[in-house]
Amino acid sequence: MDEKKQPSPPGGLFGVRHLQTFLLFLCLTIAYAMRVNLSVAIVAMVDRNSTNPDFEEYDWDEKTQSVILSSFFWGYIVTQVPAGKLAQTYGAKLMLIFAMAICSALNILTPFGASYGGWKLVVASRVLQGLCQGFIFPSTHTLLSKWAPVSERGKLSTYCYSGSQFGTVIMLSASGFLASSFLGWPSVFYVSGFAGVFWSILWYFFGGNSPAEFKSISPEEKEFIEKSLGVPEKEGKKSTSTPWLSIFTSLPFLSLMLVHCGHNWGFWTLLTKIPTYMKNVLDMDIKQNALLSALPYLAMCLMSYVFSYLADILSRREVIPLHVSRKLFNSIGHLIPMLALIALGYVTKDSVDMAVGLLTIAVGINSATYLGFQVNHIDLAPNHAGVLMGITNGAANVMSIIAPLVVGFVVQDSTDPYQWRLVFFISAAIYLIGNTLFVIFGRTEVQSWNNPEPKIVSTVSTKEKEIEEGRCPK
């Protein structure tokens with residue numbers, strides 16, 4: 001239905017679908033704040049020269065800190081696919097309530113865990129938080145597949161997912177202030193944890209699995225959303241069986257999974273390894289500057305709104321069809337960062353500002369993918385969007401782990417610009433290959449395996465059956 005004439009939206013600037021989008025934006029803001037809070041707090045937790053001597057400090061070496069910081073993703077990868085299936089079966093609203101409430105409680109308890117159980121209990125807590133947050137993206141995608149009309153899908157998805165960057169900016173900017181205040185480093189966990197508890201309460205009262213289940217939605221808005229998505233007027237309970245074989249033999253889906261993997265490889269190389277490169281090769285430590293650390297995320301958050309506005313204009317004026325729009329914005333989001341990565345490999349110590357600018361542009365432009373592959377799961381199969389997101393996000397986060405390991409293998413001397421240049425070329429090539437596959441094989445049409453196969457009702461008469469079985473003479 002995505003290429004057909006879409007119904008006109010009802011009047012009013014703010015509807016229930018916008019409320020759901022805003023609540024999901026807040027969800028991702030808080031979730032990412034809880035995800036990155038330890039990255040800043042741990043600096044104060046191990047600082048022997050802390051300005052807050054009243055708060056406990058820990059003798060954790062670099063290896064221990066690396067284990068603690070990576071432990072979140074051990075759990076995060078595990079629950080991606082099950083989360084999509086559970087959200088599809090039992091409702092994404094319930095999954096998000098449990099995920100955020102438990103994750104928030106674990107955040108609040110983190111200072112106590114560090115005090116009474118040391119780094120091992122902190123690791124256990126972070127693994128559990130990762131398990132909980134593994135539900136967030138698949139559940140969010142499931143909800144967007146029910147609430148976002150086709151004509152607004154890119155825009156609402158962008159607004160929703162920009163919360164992840166906004167939460168990162170807020171936490172990176174505020175954590176240092178909180179840790180150095182009279183509240184100390186525990187306040188970093190308390191603030192984000194209690195924010196998550198508050199959101200869970202809000203979501204319980206104002207969240208909804210679909211327009212059909214939301215009692216206070218206007219009939220006009222409900223009709224607009226359901227007509228756009230092709231929901232039957234009297235929709236019975238759909239089969240929740242997942243067509244696994246069809247999914248993994250679908251070229252459009254496989255290209256989507258590969259571009260997601262390529263995206264994560266390049267994106268996390270930009271965010272996790274470029275600061276190391278700038279410190280060791282260009283003699284500039286941007287991690288010591290909270291503003292510079294948050295700048296790429298802020299650029300990504302702001303640019304996502306710019307690209308969403310442009311896509312909305314193109315859609316309303318019917319300048320380009322949906323499948324061209326998806327591939328255009330995905331190409332912008334991958335090819336420009338690809339060029340920036342290559343350029344970064346040739347920046348010298350005399351052009352540090354250029355390096356910061358290239359990093360900021362590369363990460364900011366990357367937000368165009370919100371209107372590309374990141375919403376394509378819903379295009380292909382609205383009924384299985386959560387499962388598809390779980391599969392691709394799980395695979396892509398494996399790449400997030402492998403990419404730094406490859407960097408460690410390639411870069412034997414962290415001060416050698418030529419070795420770093422090879423790292424950037426590898427990441428640029430992966431960006432190019434992933435995007436090219438998506439452009440060639442990516443689709444926006446709803447796939448045939450989105451809906452369960454109808455049962456074939458036999459029209460053969462009882463007598464004919466008896467004749468076939470030899471129980472009745474011809």
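Biologist: Let's begin with helix 8. Which residues are buried in helix 8?
Modeller: Keep in mind that we're looking at a predicted model. A residue counts as buried when its relative accessible area is under 20%. In helix 8 that goes for E221, F224, I225, E226 and S228.

Biologist: And what covers the buried residues of helix 8?
Modeller: The cover includes helix 1 and helix 5.

Biologist: What about the whole protein? How many helices and strands does the protein have?
Modeller: You'll find 17 helices and 0 strands. There are 474 residues, and 53% of them are buried. Now look at contacts with a separation of 6 or more: residues 24 or more positions apart account for 84% of those.

Biologist: Okay, next topic: helix packing. What describes two packed helices?
Modeller: Two things do: the angle between their axes and the distance between those axes. Take helix 1 (residues 16–45) and helix 2 (residues 62–78), which pack at about 175 degrees with axes 10 Å apart. Angles over 145 degrees count as roughly antiparallel, and helix 1 and helix 2 are therefore roughly antiparallel to each other.

Biologist: Which residues of helix 1 and helix 2 meet?
Modeller: From helix 1 come R35, L38, S39 and I42, and from helix 2 come Q65, I68, L69, F72, F73 and Y76. Sorted by class, this contact of helix 1 with helix 2 has 7 nonpolar, 2 polar and 1 charged residues.

Biologist: Let me try another pair. At what angle do helix 6 and helix 7 pack?
Modeller: Helix 6 (residues 153–180) packs against helix 7 (residues 186–206) at about 130 degrees, and their axes are 8 Å apart. The angle falls between the perpendicular range, 65 to 115, and the antiparallel cut-off of 145, so helix 6 and helix 7 are oblique to each other. Their crossing is right-handed.

Biologist: Where do helix 6 and helix 7 meet?
Modeller: On the helix 6 side, look for M171, S175, L178 and A179; on the helix 7 side, S187, V188, V191 and S192. The residues in this contact of helix 6 with helix 7 split into 5 nonpolar, 3 polar and no charged.

Biologist: What does the packing of helix 10 and helix 15 look like?
Modeller: Helix 10 (residues 251–280) and helix 15 (residues 385–410) pack at about 40 degrees, with axes 8 Å apart. That makes helix 10 oblique to helix 15. The crossing of helix 10 and helix 15 is right-handed, and by class their contact has 17 nonpolar, 7 polar and 1 charged residues.

Biologist: Now for the rings. How many aromatic pairs does a search of the whole structure find?
Modeller: It finds 23 aromatic pairs. To read one, check the distance between ring centres and the angle between planes; over 60 degrees counts as edge-to-face. The rings of W147 and F214 have centres 5.8 Å apart and planes at 85 degrees, so that pair is edge-to-face.

Biologist: Why does the pair of W147 and F214 tie together parts that are apart in sequence?
Modeller: W147 lies in helix 5 (residues 136–147) and F214 in the loop between helix 7 and helix 8 (219–229), so the pair links parts 67 residues apart in sequence. W147 counts as buried at 3% relative accessibility, and F214 counts as buried at 12%. W185 and F189 also form an edge-to-face pair, 6.3 Å centre to centre with 90 degrees between the planes. Both W185 and F189 are buried. For a cluster, pick out Y32, F137, Y161 and Y370, which form one together.

Biologist: Last one: how do I read the surroundings of a single residue?
Modeller: Find its element, its accessibility, then its contacts. T21 is in helix 1, and at 7% relative accessibility it counts as buried. Setting aside neighbours within four places in sequence, T21 is in contact with L156, Y159 and C160.

Biologist: Is S308 buried or exposed?
Modeller: S308 counts as buried, at 1% relative accessibility. S308 lies in helix 11 (residues 290–316). Not counting residues up to four places away in sequence, S308 touches K155, T158, Y159 and L371.

Technical notes
Residues are numbered from 1 along each chain as its sequence is written. This is a predicted model: local features need pLDDT of at least 70, side-chain atom pairs count only at pLDDT 80 or more; totals for chains, interfaces and linings use all residues. Side-chain values use heavy atoms; hydrogens and water are left out. Axes are lines fitted to C-alpha atoms, for helices over the stretch in contact, and angles run from 0 to 180 degrees between N-to-C directions. Helices (H or I, at least four residues) and strands (E, at least two) are DSSP runs, numbered from the N terminus. Angles under 35 degrees count as roughly parallel, over 145 as roughly antiparallel, 65 to 115 as roughly perpendicular and the rest as oblique. A crossing is left-handed if the near helix is turned anticlockwise from the far one by less than a right angle, and right-handed if clockwise. Ala, Val, Leu, Ile, Met, Phe, Trp, Tyr, Cys and Pro count as nonpolar, Asp, Glu, Lys and Arg as charged, and the others, Gly among them, as polar. Contact means heavy atoms within 4.5 Å. Buried means under 20% relative accessible area, exposed over 50%, partly exposed in between (1.4 Å probe, protein chains only). Rings of Phe, Tyr and Trp (its six-membered ring) pair if their centres lie within 6.5 Å; planes under 30 degrees apart count as stacked, over 60 as edge-to-face and the rest as tilted.
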